[in-house]
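This report concerns the ligand site of one protein model. The sequence and structure are shown first.

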Amino acid sequence: METTLVLIKPGGVQRNLIGEITRRIEARNLKVVGLKLVNAKRETVEEHYGEHRGKGFFEDVVNYLCSGPVVAMAVQGVNATKAIRTMMGATNPLEATPGTVRGDLALTIDDNLTHSSSDPEAAERELKLWFPEGTVA
Ligand code: CMP
């Protein structure tokens, strides 16, 4: 059993896709064990994207995540990290398979609707950052 992090980015919230994305996660029989809508602090987002610091898109992606409310969700299930990554589709929506969240609902890499942890170690680090109070399971 694993717990992993999903963020619905400001574009997804603005497009009223909270329900659609959460529906797909729950339909997969993954359990939501943490859920909140937050205006993320810049320092949280910079730490979250720490591995991208120095890359050309770092400032833009940090600004974007701070530009409006974000849904932070802790999701639990067998191989939850891999299951979620596959469901979300390739980072660049142009390469995402139809049937995935990005393949069905997104068009550009700058507005790819969700972030999900890349592996269980990243999930543990990111969950501590977004849910310092812990989750319900
Ligand atoms: P995410 O999974 O949140 O992780 C980093 C984000 O940076 C990524 O999704 C994209 O939204 C954004 N991004 C913008 N340009 C790139 C790029 N060239 N490579 C990877 N991510 C990018």
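A polar contact is a pair of N or O atoms within 3.5 Å; within protein, one atom must be able to donate a hydrogen and the other to accept it, and residues adjacent in sequence count only if both atoms are side-chain atoms. The model is predicted: local features need pLDDT of at least 70, side-chain atom pairs count only at pLDDT 80 or more, and totals for chains, interfaces and linings use all residues. Residues are numbered from 1 along each chain as its sequence is written, and side-chain values use heavy atoms, with hydrogens and water left out.

| Side chain | Distance to a ligand oxygen atom |
|---|---|
| Lys 9 | 2.8 Å |
| Asn 112 | 3.2 Å |
| His 115 | 3.2 Å |

The protein covers 77% of the 450 Å² of accessible area that the ligand has on its own (Shrake-Rupley method, 1.4 Å probe).

The residues around the ligand (a heavy atom within 4 Å) include Tyr 49, Phe 57, Val 61, Ile 109 and Asp 110. This shell comprises 4 nonpolar, 4 polar and 2 charged residues.

The ligand takes the space of the largest pocket. A pocket is an open set of points on a 1 Å grid over the protein atoms alone, where a 1.4 Å probe fits, with protein on both sides within 12 Å along at least five of seven lines; lining residues have an atom within 4 Å of a point. A molecule sits in a pocket if more than half of its atoms lie within 2 Å of its grid points. The pocket holds about 500 Å³ of space. Among its 19 lining residues, Lys 9, His 52, Phe 57, Thr 91 and Asn 112 are the closest to its centre.

Note on methods
Nonpolar A, V, L, I, M, F, W, Y, C, P; charged D, E, K, R; others polar. Points joined across faces, edges and corners; volume = space filled by probe spheres on them.
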